[in-house]
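Please find below a colleague's note on the model shown here.

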Amino acid sequence: MASAEQSLPASKHAKGRLEFRRSRHVKEQIIEALLLGAAMVAVLTTLGIVFILVRESLSFFATVPLWQFLTDTEWTPLFADQRFGIMVLLAGTLTSSAIALSVAIPMGTVIAIYLSEFASDRTREIWKPVLELLAGIPTIVFGYFALFLVTPLLQVIFPSLPGFNLLSAGLVMGIMIVPYISSISEDAMRAVPMALREGSYAMGATRLQTALRVVVPAAFSGIAAAYTLGISRAVGETMIVAVAAGQQPNLTFNPFDQAATITAYIVQVSKGDLPYGSIGYQTIFAAGLTLFLLTLVFNLIGFWLKRRFREVY
Amino acid sequence: MSAQTAELTAIRKMIASHKRRDLMFAGLGFVALGIAFITFVALFVDMLVDGWPRLSAEFFTNYASRRAEQAGILAAWVGTFSIMLVTAVVAVPIGVAAGVYLEEYGGRNWLTNLIEININNLAGVPSIVYGLLALGMFVHTFGFGASVLTAGLTLGLLILPIVIVATRESIRAVPNSMREAAYALGATRWRMVSDHVLPYSTPGILTGVIIGLSRAIGETAPIITIGAVIFIMFLPPSPINTDFPFVSFDWLWSDFTALPIQIFNWTSRPDAAFQANASAAALVLVAMTLAMNGLAIWIRFRLRRRLKW
Amino acid sequence: MDSTFQRRAAALIVLAATLALAACGPRSADQTAADGGAAPPQVISLDGSSTVFPISEAIAEEFQMANRQLRVTVGVAGTGGGMRKFCRGEVDIANASRPIQKEEMAACEASGIEYFELPVAYDALSVVVNPANTWVNDISIEELRKIWEPQAQGVITRWDQINPAWPDQPINLYGAGADSGTFDYFTEVITGKAKSSRGDYTASEDDNVLVQGVANDVNALGYFGFAFYVDNQAKVRSLGIKATADATPVLPSVASVIDGSYMPLARPMFIYVNTKAYERPEVKQFLEFYFSSVGRLAGEVNYVPLPPRAYDLVRQHLAEGRVGTVFRGEPATAVSIEDLLAKEAGF
């Protein structure tokens, strides 16, 4: 080997190395382009969705003024007397999501901390899959579970609870979202190096103190990502609310009422009998656009929070 | 001396109260897990009690029928299986590639931020909007029609954000020292990623894939929107046939139905016997999810044991 | 080092090649036949109303079992969705729980699609109460209007407000979701204007939920299709319908629909057949089977079959190529079987 190297003229040797570097460089650039292409798929999908939503909504807003859309207090595009107040559907979406998240975020975080900091390896490796199985149950099954099991149970506690209500749908939705939050948070927490924990233990902290003051802040970006995903999931959930909360639009923030969410309404109309191109049909795009903008706002907030509070270690 | 004892007692009290809080939290965690578990068991038992009697060999090999006793899920489970295949093939490579780009190649510039916001936003778009998008784009513009391919693409796009988020988080978890070691040895960026980062982030990526596929398998609304049929008594053509080139992709273009649709249809029938069918079909769906999850979980478990830093 | 990359690159190329093969699209029937394989037959596609679905499904099932080499699919995109696909030529046969509307007629004309309008059966919308309801056995259209009209929202909340003979108890309403043909028809007939209804009732697209609601609530009143009433007669009780305040009340049944006495809540169901699709032999065969077996099968799925001469008329229309609709884009309200037959005969 050494003799062969020595026998090559120096310029040829250098040239070979340069060529090798160049070809490696070209390969690298191709790979980077491919990866960028994959990432752009997300942007293209968004563009496609926005394009479709906006195109149909434009013809909707040509007929219904935006001001009326935002402030009217009834949503009855399917009835003879058509009113288009998106607040009605938004109320349903926000109420059911709030209920769901008030269950999912505490429960999910507690479970994540418990599994990551308190539980033994074996416990963790058993429970993590069990939780993920919860995420695997189809949402219609959850919907009928809410309607036929949870609602009657709740009616024992609250006898005046109607058959369709937001509370039951919200609670079940919350439990459905727990695996999303707990799994991703737990992954983030597990990734925090043991060194940080050991430092904390060395100072005499208990597991809870270490978890809350060292691990959670260190894993904040992952936990925030999990929360954002959970919120988006809650706002975008369709079948559970469509089945258990009813499909009658109702301007209310009261969990004990029946109401329709934006998603339940879209499903109802797109499965239904309205002629294509009619104003009733176009409402699903206007409603969809509203939902899209709502999730965008939540995501921007979450993005900003992550940037501000991220820890680098 | 007494001051010291007083201080010691105070300290011991503090330690005891902290330990108590520790224990209480452990209890809380246990309770939280318990609630999730009880829900799961209640759901499962409910489905089991209703549906188990209906599970038989004929249930899997019969097509749907208007007579509850004869109705089976053959077309449905084959459809679900085919769609999941396409979904995985679409979502996993693109999702992992996108996650890798955003974490390793993207800088702190406007493009990366834009992509990141986009992805998080897409995670919240309701599945039916994906269905509407797919209807316009895949069914009509691209001309794929209401086929297995369209369904797979739609669901693949739907779960793409989940895979990307999970990939990013798991890549971020790999310590920088690994990357620096690779660079120090003269590796190019791609070589570093593929040999040093990806192997360690595979468990986390698999988490995202598991959650994503579990979500996709139970989706009803987008598949109905693109035109899945409810009644179908034939299967997509077999991918393996006797003439060249022995592998056929005709099954991608076939009409189809899927388990969630079958369940949804059966629950809305007047004949009460169909409720049992619906429960049985739901059991099968959950079992399929379990099988998918089980495989990925096992792989992740094996890989995770080797991780220590 | 490079060998790993080369292996992966090779795998990528293989993948790309197979995808390219796939991208070539489905093999045409001729291509497959030339290769010696069996050409998969063209699918006979139906789509549309969820109310008509059980009938079409029953027939499609029998047809498939008797003709394994042919292929039939039935979707449930709703009457509106089905008509849209139909007028784009995406589906051969549209199931419709109402006649084609004016906008849809225009769309079909714009795409150059001509169609046969073929009535297949009748549905009897049933008004039901809880079995423990002791005070009402029949109800007039006028009383129903008082209950369901938009002005009743928040106002009519107790039984005795409608009829003083009824008790002073709350009335809880259950009905079809606002995006269904059932809703359109019921409101058209009861309040005089389609989709004109109060909004404060428990609405559901899934009639099983309505059945459960009425069955569990002694103060309930609901409406849904005949099939759901028949299958749940132990849980709910149907009311006799009085067309006017002093008419004889008529309970929903196959007989009362056929003799035209169950008015106006009996409504016709249709299928629309693309004339071009009808030129295909398998579609002709399917339709022939359809109209020779619908009389038997409609009853099996709890719809009201038309009398045999109705189906003879339908076959005659098909044979003579009478395209278009007899309803001119209007809804088919209070059209008894005899009226329908008269219309069709005169078409």
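The points that follow take up the chains, their contacts and selected helices in turn.

1. Basis of the note. This is a predicted model, in which local features need pLDDT of at least 70 and side-chain atom pairs count only at pLDDT 80 or more, while totals for chains, interfaces and linings use all residues. Residues are numbered from 1 along each chain as its sequence is written, and chains are lettered from A and ligands numbered from 1 in the order in which they are written.

2. Chain B, fold and dimensions. Chain B contains eleven helices and one strand; helices (H or I, at least four residues) and strands (E, at least two) are DSSP runs, numbered from the N terminus. Along the sequence the order is α-α-α-α-α-α-α-α-α-β-α-α. The radius of gyration of chain B is 25 Å, whereas a compact globule of 309 residues would have one near 19 Å. That radius is taken over C-alpha atoms, and the globule rule is 2.2 Å times the number of residues to the power 0.38. Along the principal axes, the C-alpha atoms of chain B fill a box of roughly 90 × 55 × 35 Å.

3. Of the 309 residues of chain B, 55% are buried. A residue is buried if 20 or more other C-beta atoms lie within 10 Å of its own, exposed if 12 or fewer, and partly exposed in between, with C-beta atoms placed from the backbone. Two residues are in contact if their C-beta atoms, placed in that way, lie within 7 Å. Of the contacts in chain B between residues at least 6 apart in sequence, 77% join residues at least 24 apart.

4. Chain A with chain B. The contact between these chains takes 78 residues from chain A and 82 residues from chain B. On the side of chain A that touches chain B, helix α2 (residues 10-63) of chain A gives the most, with 17 residues. By class, that side of chain A has 50 nonpolar, 19 polar and nine charged residues. Here Ala, Val, Leu, Ile, Met, Phe, Trp, Tyr, Cys and Pro count as nonpolar, Asp, Glu, Lys and Arg as charged, and the others, Gly among them, as polar.

5. Helix α12 of chain A. Nine of the nine residues of α12(A) (residues 262-270) are buried, and the helix is mostly covered. Among them are A:Ile262, A:Tyr265 and A:Val269. The buried residues of α12(A) pack against α4 (86-118), α10 (220-236), α11 (239-244) and α13 (279-309) of chain A, together with α5 (127-141) and α9 (221-226) of chain B.

6. Helix packing in chain A. Two packed helices are described by the angle between their axes and the distance between the axes. Helix α6 (residues 139-157) and helix α7 (residues 166-190) of chain A pack at an angle of about 130°, with their axes 9 Å apart. Axes are lines fitted to C-alpha atoms, for helices over the stretch in contact, and angles run from 0 to 180 degrees between N-to-C directions. The angle makes α6(A) oblique to α7(A); angles under 35 degrees count as roughly parallel, over 145 as roughly antiparallel, 65 to 115 as roughly perpendicular and the rest as oblique. The contact residues include A:Phe142, A:Phe145 and A:Leu154 of α6(A) and A:Leu171 and A:Met176 of α7(A). By class, the contact of α6(A) with α7(A) has ten nonpolar, three polar and no charged residues. For α4(A) and α7(A), the axes come within 6 Å and cross at roughly 35°. The contact of α4(A) with α7(A) has 21 nonpolar, ten polar and two charged residues.

7. Chain C. Chain C has 14 helices and 13 strands, and 48% of its 347 residues are buried. Helix α4 (residues 78-87) of chain C is largely enclosed by the rest of the structure, because ten of its ten residues are buried. The elements covering the buried residues of α4(C) include β1 (44-48), β3 (93-96) and β12 (266-274) of chain C. After α4(C) comes C:Gly89, with a positive phi near 75°.

8. An exposed residue. Is C:Arg328 buried or exposed? C:Arg328 counts as exposed, because it has 10 C-beta neighbours inside 10 Å. C:Arg328 lies in the loop between α13 (308-320) and α14 (337-345) of chain C.
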